[in-house]
Amino acid sequence: MKHYLEHDTSKPVLELKGVTVKFGTETILDNISFSVKHGERIAVVGPNGAGKSTLFKTIAGTIRPGSGNIYIYGDKPLAHICIAYVPQSSMIDWDFPVTVYDVVMMGRTGRIGLFKRPSRQDREVVFYALGVVKMTEFADRQIGMLSGGQRQRVFLARAIAQDAGLLLMDEPLAGLDAASQQDIYRIIEYLSEEKDVTILVSTHNLNAAGKNFPKIMLLNKKVIVIGPGKEIINTKNLLSTFGGQLAVIESGNGIVAVNDTCCSHGEGVK
Amino acid sequence: MINRLIAVLAGPLGYPFMVRSLIGSIIVGIICSVVGTYVVLKGLAFLGDALAHAVLPGLAIAYFIGGTATLPLFWGSLTAGLVTATGIGLITKGGQLKEDTAIGIIFAGMFALGIAIISSVRNYSIDLTHFLFGDILGVSRQDIVLAVIIGLVVLLMIILFYKEFLVTVFDPVLAKTLRIPLRFFQFMLLFMITLVIVVSFQIVGVALMVAMLITPAASAYLLTNRLPSMMILSAGFGVVSSITGLYFSYYFNIASGAAIVLTCTVIFIAVFIFSPRKRVFIKL
Ligand SMILES: Nc1ncnc2c1ncn2[C@@H]1O[C@H](COP(=O)(O)OP(=O)(O)OP(=O)(O)O)[C@@H](O)[C@H]1O
Ligand SMILES: [Mg+2]
C-alpha cells in the first residue's frame, strides 16, 4: 500500500520546530520542538488546558501555528494524507444516515481519488480494518446505534483504512470502562507493533500511559519532558507539568503515587 | 373497471397545460427532494425561503433590462442567489457564526436592497412579487427545458462528487486531514442548492419549492440508514406527491400547489407515526 508522497522512513515521521500557537493574546503552545521517529508510540499527558488538543489539531492541520514549522517525513504537512486524527469531542452528527461501513470507507476518500468509486480493494481494506477492531458484525449499523467504545473503534478502523502513517488520538478513552479501554489499548499496540504506525495518544491517565506506552510526553504549554516513563516520571517533572493541581506522594521504593485533582473526564490517574 | 381507471388517469392529460405542469412538478420534485437531503442534514430548512426573497434585487435589475422575459429574470435571480450563497459561505468561514444566522443576515439585507432599488425608480408599479410566486399551472416549455438542464447538471455533480460531499457535510475535520478542498466543496454544495432553489421557485412558487425541498427529505430521513437510499426515497416521495397532488387538484378542484404540498405533508405524518426508528427530530 503506498502513501501519496513516498515516505522516507529514515527521517522523523513528525518534527515540530519552535511551534507557537496563540488564541488572541494568550499563548497556548509555547515554542514546541520535538521529533517522533517512525513507529514510536507516545502518550501525551498534561492537565486540563495544557494544550494537548491544540497540539493535535495543529499537527493534523486544522489549526495553523502562529510561528514555527511542522514537518511530516521531512515535508510540509499539506502534502500528506497519511495523518489520521481522532478528535476529543467529535462534532459528528450521530443521527446522520451513514453506517459503520460508510464511515470507515470515508477514510479512503483521499486514496480513491476524484470521480472514482471504491474498488474491490478499497472494500477489502475497509473489512480488514473492521476486523482489526472487531466491528465486522456492525458494518451495516447506523452509527448512532453504537456504544461509546464501539464508536472509538470505528474511528480507529477509519484510521486503519486511511493507511495512516501517523495516528493522533485525542483522549480516546474518556468515558470508557476498563474493559473497553483495554480493547482500545490492544488495538493501538497492534497498529504500532505490527503495522509500524506512529501513534500519539493524549490522556490524563499517567498510570495507564506508563503501562501502555514506551514513551511519555509531559506537556503544559511547553514540552516539559519526553522519554520513557521510568526515566521521566519524577516529582520534579510532575510538579512542573501539573503544578498545584496534583498531589505527588513519593513512596519509599521509588514509585510515585499521584492524585489528580483536576480531572472531569472520569479517567483520572489512579 | 380498468377502463374507468384509465379514463381517470388520462383525464387531466388531455390538457397540454396539465401535462406541462405534471412534467414540471415531477422534475422539480426530483431535484428539490434530492438536494433537499443535504438541506435537511445540514439543518438549513430556512435557506429555501430566505433565498427566494434574497433574489429580489436581481429580479428588479433584470426587469429593468429585459422586462418580463423568463430568461433575464432567471439569470437575474440566479446571480442574486449566488451572491447570497457566497455571502453566507464567507460569513460562516471562520466558524464563528452559524449558517442559519448568516442566512438571516444576508437574506434581510438582500431583500431590503431589492425594495430599495424598486422604490427608487418611479413608475415601477409592476408587482415583482408575482415572479417570486410562480404558478405550477403556468409552467411553460422553456421552464421545463431549464429545469431539466439544471436538474441534470446538479444530479451529475451529486453523483460525481458523492464521496467528497459526504465527507464535507458529515465530518469537515476528516475532510481537512484528508486534504480534500473543504471550502471548495462547501461552496459548491451551497451553489448547487441555490441553483435548484432559484429554478424551482420560479417554476412552482416559493411555498411548493420549500415543501419539496424539506418534506420528502425529512420523511426519507426517518426511514433510511444511508445517504443514497435517503436520496432515492426522497425523490420517490417528491414524485409521488407531485402526481397525486395534481390529480387531486384536477378532480377535486383544489389549488394544485396546495394539493401537492398537502400530499407531501400527509406522507410525512404517516412516516412520522409509523417510522420503525423514531429518531429524535431536532434538526428542523
Ligand atoms: N478556539 C479557542 N479559542 C480560544 N481559546 C481556546 C480555544 N481552544 C482552546 N483554547 C484554550 O487553549 C487552552 C488549551 O486548550 P486545549 O483544549 O488544547 O487543552 P487540553 O490539554 O486538550 O485540555 P483537556 O485536557 O481539557 O482536553 C485552554 O486554555 C483553552 O481555553
Ligand atoms: Mg483536550
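**Helix packing and a metal site: worked exercises**

In chain B, residues B:I197, B:S200, B:F201 and B:V204 of α11(B) meet B:V206, B:L208, B:M209 and B:L213 of α12(B). To meet here is to be in contact, with heavy atoms within 4.5 Å.

The model is predicted, so local features need pLDDT of at least 70 and side-chain atom pairs count only at pLDDT 80 or more, while totals for chains, interfaces and linings use all residues; side-chain values use heavy atoms, without hydrogens or water. Residues are numbered from 1 along each chain as its sequence is written, chains are lettered from A and ligands numbered from 1 in the order written.

**The α11–α12 pair**

*Task.* Describe how α11(B) and α12(B) pack, and classify their contact residues.

*Solution.* 
- Locate the helices. α11 covers residues 182-204 of chain B and α12 covers residues 206-223 of chain B. Helices (H or I, at least four residues) and strands (E, at least two) are DSSP runs, numbered from the N terminus.
- Read the geometry. The angle is about 130° and the axes lie 7 Å apart. Axes are lines fitted to C-alpha atoms, for helices over the stretch in contact, and angles run from 0 to 180 degrees between N-to-C directions.
- Name the arrangement. α11(B) and α12(B) are therefore oblique. Under 35 degrees counts as roughly parallel, over 145 as roughly antiparallel, 65 to 115 as roughly perpendicular, and the rest as oblique.
- The crossing of α11(B) past α12(B) is right-handed. In a right-handed crossing the near helix is turned clockwise from the far one by less than a right angle, and in a left-handed one anticlockwise.
- Sort the residues. The contact of α11(B) with α12(B) has seven nonpolar, one polar and no charged residues. Ala, Val, Leu, Ile, Met, Phe, Trp, Tyr, Cys and Pro count as nonpolar, Asp, Glu, Lys and Arg as charged, and the others, Gly among them, as polar.

**The α13–α14 pair**

*Solution.* 
- α13(B) passes α14(B) in a right-handed crossing.
- List contacts. From α13(B) they include B:F237, B:V240 and B:L246; from α14(B), B:A259, B:I260 and B:I267 are among them.
- Sort the residues. The contact of α13(B) with α14(B) holds eight nonpolar, seven polar and no charged residues.

**The α12–α14 pair**

*Task.* Are α12(B) and α14(B) roughly parallel or oblique?

*Solution.* 
- Take the angle. It is about 15°, and the axes are 9 Å apart.
- Apply the cut-offs. α12(B) and α14(B) are therefore roughly parallel.
- List contacts. They include B:L208, B:M212 and B:L222 of α12(B), plus B:I260, B:C264 and B:F268 of α14(B).
- Sort the residues. The contact of α12(B) with α14(B) has 15 nonpolar, four polar and no charged residues.

*Solution.* 
- Buried means under 20% relative accessible area, exposed over 50%, partly exposed in between (1.4 Å probe, protein chains only).
- At 6% relative accessibility, B:L78 is buried.
- The C-alpha atoms of B:L78 and B:V196 are 9.7 Å apart, across 118 residues of chain.

**The magnesium site**

*Task.* Which protein atoms are donors to the magnesium ion (ligand 2)?

*Solution.* 
- Name the donors. They are A:S53 (OG) and A:Q88 (OE1), at 1.9 to 2.1 Å from the ion. Donors are N, O and S atoms within 2.8 Å of the metal (3.2 Å for Na, K and Ca); water is not among the atoms, so sites may look incomplete.
- A:S53 is in helix α1 (residues 52-60) of chain A and A:Q88 in the loop between β5 (83-86) and α2 (100-106) of chain A, so the pair ties together parts 35 residues apart in sequence.
- Check burial. A:S53 is buried at 18% relative accessible area, whereas A:Q88 is partly exposed at 31%.

**Chain A overall**

*Task.* How many helices and strands does chain A have, and what share of its residues is buried?

*Solution.* 
- Count the elements. Chain A has nine helices and 11 strands.
- Take the burial. Of its 270 residues, 53% count as buried.
- Look at contact range. Among chain A contacts between residues at least 6 apart in sequence, 67% join residues at least 24 apart.
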